[in-house]
There are 2 protein chains.
Amino acid sequence: MKKHNFYAGPSILPQYTIKNTAEAVLDFAGTGLSVLEISHRSKEFVAVMEEAQALFKELLNIPEGYHVLFLGGGASTQFAMVPFNLMKKKAAYLNTGAWAAKAIKEAKGFGEVVEVASSKDATYNYIPKGYEIPADADYFHITTNNTIYGTEIREDFDIDTLLVADMSSDILSRPVDVSKYALIYGGAQKNLAPSGVTFVIVREDILGHVDRHIPTMLDYRTHIEKGSMFNTPPVLPVFSALQTLKWLKENGGVEGAQKRNEEKAALLYGEIDRNKLFKPTVADPADRSLMNVCFVMNDEYVEQEKAFLDFATERGMVGIKGHRSVGGFRASLYNAMPIESVQALVDTMKEFESKF
Amino acid sequence: MKKHNFYAGPSILPQYTIKNTAEAVLDFAGTGLSVLEISHRSKEFVAVMEEAQALFKELLNIPEGYHVLFLGGGASTQFAMVPFNLMKKKAAYLNTGAWAAKAIKEAKGFGEVVEVASSKDATYNYIPKGYEIPADADYFHITTNNTIYGTEIREDFDIDTLLVADMSSDILSRPVDVSKYALIYGGAQKNLAPSGVTFVIVREDILGHVDRHIPTMLDYRTHIEKGSMFNTPPVLPVFSALQTLKWLKENGGVEGAQKRNEEKAALLYGEIDRNKLFKPTVADPADRSLMNVCFVMNDEYVEQEKAFLDFATERGMVGIKGHRSVGGFRASLYNAMPIESVQALVDTMKEFESKF
């Protein structure tokens, strides 16, 4: 049976990435060796790293003065690296979910943190607006897509404070005006690569202005200076990232991805709004994530939740159980998700509805 | 042409690991999904993580009270995590190479560092002995195998200070009395897995005794509490690590590995000592690494260095160029290296000698 991969992350990758990675595990770039056992200093892998950085810059139209890094440690390590490198005294954070809250908790170890607004009181089911960022904040941190709750900030804010964004789960899903950001980071295991590599886009001139001692590996300048090769990088995840970037370029770049993502999301949100069994968890369409579509049973059908999960699982839907803090269902529609899989889920919802 | 992979790391892995990883990239554990796109919270991957930790403990006979962690960030991140978690005021380090020196540099950001001895004056071509460890040191740090220079400490020191060891390049190559160590860590990309995962063996009762603020991701207790799943782990590298651990168990465990490693090293060092063209860089056999065999041209044949490298490359030898700080040649003979490849290198050395 065909499986439809709706996991929130690690999550679906293009078949192009999967096929090329499987081949490289057996023979990498005609070396006669596996990509698992190739030196990161080999000319073949150095070419992979350089092409991945260049293609990332090309696809997101990243301006001069920014660097693209591929690091280990995950976005959770970035929660500490950002204040380590950028916080002099005070930073501002927008609390839009559990991951934003973790970033806030981490930053508090480095100075004063102002939470400018929070939607925690409503299980993070909307994006707060109309807040003020303190003029003396060293930076303002946002989480553009909130995987657990299905909300997304799809606007590139134009503010006077340095803007830092965790884009773990919506990077490369739409064009981004990178010039509006000082730093963008994320775990790669949604729209880019298997888990084990973290991307960072950083404007070089924001670094070097704090007084604290920064451990070498946590200092962005270390990795800029060495082109992400200060220490051994995660070779296979970077190789797979390059495959995904090539696939994206062949398929219309981030503009093409955005168009497909809007179509997929419209298809599924349309069905959730129409189907009498379900309702969305995010009321305002402007706040709804194109990446993670969260929905629950309508009040009169709450007892059918388990039955629908089983029904969908029997039809090849994988990973649609909602996060325990929200309940219900979550279908993640990352770049690599074909509209045929979204249609299969929609068909399953219709078929289940016809039983009532 | 058959390639013989003598890379220092990332480096040769068992064909069992490569084959099973290639298969899992196409279909992981019968899920119909790639290991690249499987949730780390799926029951199939949770089973991989738990089995890898259990098998690591079994193979190294790790006593109660220790935890095995699989983290991101590389050994270079451990250079900071060790003092972050363990240094109250003072730590002692043995300087046996460039990696030890990096660990020392990092520790100086956290307190007083006593370098108890160093072989830097002799391009690190021996392991210093007869030093004293200050009684008030919070821990004593060693690098058991020095990849660049071909030296190795193959003894488990019995000391009164907490013993911390970077075993990046000789873990699982021999039995280790883990009870003599407080903490053992290393990048996995030599004897265990592709790059992107770092192993840590830590005795729990040594943690929680420092006053400084430790960022969440840099606190070993975070990862102990969550079984290395606090954040998304590097899924594929952990899967591959499990394959290597299974292979090792099937092949006599660390005792079997030690026997094979001793045979391989004896074969190659024997040829270096015999062949009139070459000489070893490490004079004392007791200090010679079984993992990385370093040798240079004898004085009267120095001009043949490039010719031998080309000669060997034409015969399928990969990665035998020595590190620039030592020159000459380095053949890495990690666990997965078959004796047939070592014999092929020895035959190449003999064949080249016959030309003179």
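# Exercises on a predicted two-chain model

Ala8(A) touches Thr147(A), Asn292(A), Gly319(A), Arg330(A) and Ser332(A), leaving out residues up to four places away in sequence. The model is predicted. The exercises start from this residue.

## Exercise 1: Ala8(A)

Find where Ala8(A) sits and decide whether Ala8(A) is buried or exposed.

Solution. 
- Step 1. Ala8(A) belongs to the loop that runs between β1 (4-5) and α1 (15-26) of chain A.
- Step 2. Apply the cut-off. A residue is buried if 20 or more other C-beta atoms lie within 10 Å of its own.
- Step 3. Count. Ala8(A) has 25 C-beta neighbours inside 10 Å, so Ala8(A) is buried.
- Step 4. Look along the sequence. Leu333(A) is 325 residues away from Ala8(A), yet their C-alpha atoms are 8.5 Å apart.

## Exercise 2: Ile201(A)

Which element holds Ile201(A), and with which residues is Ile201(A) in contact?

Solution. 
- Step 1. Ile201(A) is part of strand β10 (residues 198-203) of chain A.
- Step 2. Ile201(A) has 23 other C-beta atoms within 10 Å, so Ile201(A) counts as buried.
- Step 3. Set aside neighbours within four places in sequence. Ile201(A) is then in contact with Ile62(A), Tyr66(A), Val68(A), Val178(A), Leu183(A) and Ile184(A).
- Step 4. Take a distance. Ile201(A) and Asp121(A) are 80 residues apart in sequence and 32 Å apart in space, C-alpha to C-alpha.

## Exercise 3: The whole of chain A

How many helices and strands does chain A have, and how does its radius of gyration relate to the globule rule?

Solution. 
- Step 1. Chain A has nine helices and 14 strands.
- Step 2. Its radius of gyration is 21 Å, and the globule rule gives 21 Å for 356 residues, so chain A is as compact as a globular protein of that length.
- Step 3. Along the principal axes, the C-alpha atoms of chain A fill a box of roughly 65 × 55 × 30 Å.
- Step 4. Of the 356 residues in chain A, 54% are buried.
- Step 5. Take contacts between residues at least 6 apart in sequence. In chain A, 67% of these join residues at least 24 apart.
- Step 6. Check confidence. Chain A has a mean pLDDT of 97, with 100% of its residues at 70 or more.

## Exercise 4: Chain B meets chain A

Which element gives the largest share of the side of chain B that touches chain A?

Solution. 
- Step 1. The contact takes 48 residues from chain B and 49 from chain A.
- Step 2. On chain B, the elements giving two or more residues are α1 (15-26), α3 (74-86) and α6 (235-250).
- Step 3. The largest share, five residues, comes from α1(B).
- Step 4. By class, the chain B side has 22 nonpolar, 23 polar and three charged residues.
- Step 5. For the complex, the predictor gives an ipTM of 0.97 and a pTM of 0.98.

Key. Residues numbered from 1 in each chain as written. Chains lettered and ligands numbered in written order. Predicted model: local features only at pLDDT ≥ 70, side-chain atom pairs only at ≥ 80, totals over all residues. Contact = placed C-beta atoms within 7 Å. Helix = DSSP H or I, 4+ residues; strand = E, 2+ residues; numbered from the N terminus. Nonpolar A, V, L, I, M, F, W, Y, C, P; charged D, E, K, R; others polar. pLDDT = per-residue confidence, 0-100. Buried ≥ 20, exposed ≤ 12 C-beta atoms within 10 Å, placed from the backbone. Rg over C-alpha atoms; globule rule 2.2 N^0.38 Å.
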